[in-house]
Amino acid sequence: MPKTVKAAVMVAPGKIELQELPYPDHLEPGAVIVKMEMSGICGTDKHAFRGELTLYGGTEAEQPMVFPSVHGHENSGVVVEMNGRGRDIEYSGQDLKVGDRVTHCPNVICGRCWYCRSIHGYPYCAEHQGIGMTYYADRFPYIVGGWAEYMYLPPKAWVYKVPDYLPVEYTCLTELFVVTALLDRAKELAAYGGRGFHFGDTVVVQGAGAVGMMMIAKARLLGAGKIIALDKSEVKLNLAKEFGADMGINVNDLSDEELVEIIRDETKGRGADVVVETVGRPEVVKVGLEM
Ligand SMILES: [Zn+2]
Ligand SMILES: [Zn+2]
């Protein structure tokens with residue numbers, strides 16, 4: 001194994017440096033080291049770069065992202081070392097081996113606190129740690145993030161063996177696709193009369209960025225009728241159609257009232273059945289409720 005690892009280290013807001021970090025001299029029980037293949041840039045990384053550091057504000061898991069840190073939590077890599085039996089480390093008990101491609105959940109939870117025992121999963125764990133967010137790059141194990149040649153996955157990280165047929169780009173996007181679980185929740189709500197996301201429903205996706213694209217693909221998978229993408233970029237609106245949108249509306253020069261009217265026209269006057277907001281601005285939520 002190498003002695004050092006090249007890594008993009010976020011050393012302060014607005015500042016990223018290429019550094020040589022130590023390759024960890026040992027692995028804790030249950031830890032894995034992977035050789036990185038691909039790593040995404042999440043909106044969370046951009047927040048950190050702008051100095052907006054609070055994760056999961058208002059919950060027991062609230063904590064700041066740290067500096068210096070190796071970011072990157074949407075990852076695909078190949079196992080080069082692990083300390084423990086593969087079937088104890090892999091999330092679903094598969095026989096993980098050196099050479100296997102893996103991805104992982106960014107959130108490392110304790111499994112012991114009240115939140116872990118009572119409410120499954122993040123962001124509630126009181127001891128939560130975020131791979132590529134809350135691990136320091138200047139102390140062992142140094143490389144807990146994907147923007148590096150190698151990445152250390154700490155004990156208790158949820159590590160998933162990836163099927164051989166899955167291309168590396170898909171593996172890398174798996175974490176992002178998890179965000180679309182809110183459409184699954186909306187589907188489940190449909191079990192209660194009149195609410196939620198029913199088969200054939202019109203779905204409006206506000207914002208055709210990376211998360212919006214995932215929502216469009218998921219809405220299509222879950223049996224949406226008409227899917228309408230909203231954005232200010234023609235390039236993104238065209239891409240949205242490749243991901244499964246039936247139409248794109250450029251909201252650049254539209255007032256809220258005009259936009260609501262267009263959506264009503266497209267839905268026989270009823271309005272959208274499901275609206276997914278992926279922009280992150282309060283005013284977008286307001287018009288979303290109206291359409
Ligand atoms: Zn993310
Ligand atoms: Zn916990």
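A: **The open sheet and its surroundings**

Three strands form an open sheet in the order S2-S1-S6, with antiparallel pairing. Strands (E, at least two residues) and helices (H or I, at least four) are DSSP runs numbered from the N terminus; two strands pair if DSSP finds at least two bridges between them. This is a predicted model, in which local features need pLDDT of at least 70 and side-chain atom pairs count only at pLDDT 80 or more, while totals for chains, interfaces and linings use all residues. Residues are numbered from 1 along each chain as its sequence is written, chains are lettered from A and ligands numbered from 1 in written order, and side-chain values use heavy atoms, without hydrogens or water.

S2 (15-22) and S6 are the edge strands; each has a single partner, so one side of each lacks a neighbour in the sheet. S1 and S2 run antiparallel and are joined by 8 bridges. In that pair, Val5 stands opposite Leu21 in S2. The hairpin of S1 and S2 has 2 residues between the strands, and Gly14 there takes a positive phi near 80 degrees. S1 and S6 are joined by 2 bridges, again antiparallel. Met10 stands opposite Ser69 in S6.

Pro68 sits in the loop between strand S5 (63-64) and S6. One loop back, between strand S4 (54-55) and S5, is Tyr56. Its phi is near 50 degrees, a positive value in a residue other than glycine. Tyr56 is partly exposed, at 24% relative accessible area; buried means under 20%, exposed over 50%, partly exposed in between (1.4 Å probe, protein chains only).

Past S6 comes a zinc site. The protein donors of the zinc ion (ligand 1) are Cys42 (SG) and His73 (NE2), 2.0 to 2.3 Å from it. Donors are N, O and S atoms within 2.8 Å of the metal (3.2 Å for Na, K and Ca), and sites may look incomplete because water is not among the atoms. The two residues link distant parts of the chain, 31 residues apart: Cys42 is in the loop between strand S3 (32-39) and helix H1 (43-49), His73 in the loop between S6 (69-70) and strand S7 (75-82). Both Cys42 and His73 are buried.

Now follow Leu153. Beyond its neighbours within four places in sequence, Leu153 is in contact (heavy atoms within 4.5 Å) with Ala31, Val32, Val34, His104, Ile131 and Val159. Ile89, in helix H2, is buried at 9% relative accessible area. Contacts of Ile89 outside its four-place neighbourhood include Ala31, Val32 and Val159.

Cys110 (SG), Cys113 (SG), Cys116 (SG) and Cys125 (SG) coordinate the zinc ion (ligand 2) at 2.3 to 2.4 Å. The site is tetrahedral, with angles of 101 to 117 degrees among its 4 donor atoms; the test is that all angles lie between 85 and 135 degrees. The donor spacing is C-x2-C-x2-C-x8-C. Cys110 lies between strand S9 (107-108) and helix H3 (114-118), and Cys125 between H3 and strand S10 (129-130), so the pair ties together parts 15 residues apart. Cys110 is buried at 10% relative accessible area, and Cys125 is buried at 1%.

Last, the wider setting. The protein is divided into domain 1 (4-166) and domain 2 (179-290), bounds that come from an automatic or database domain assignment. Their centres, taken over C-alpha atoms, are 32 Å apart.

Conventions
Four donors count as tetrahedral if all angles lie between 85 and 135 degrees; four count as square planar and six as octahedral if opposite donors are over 155 degrees apart and all others between 65 and 115; anything else is irregular.
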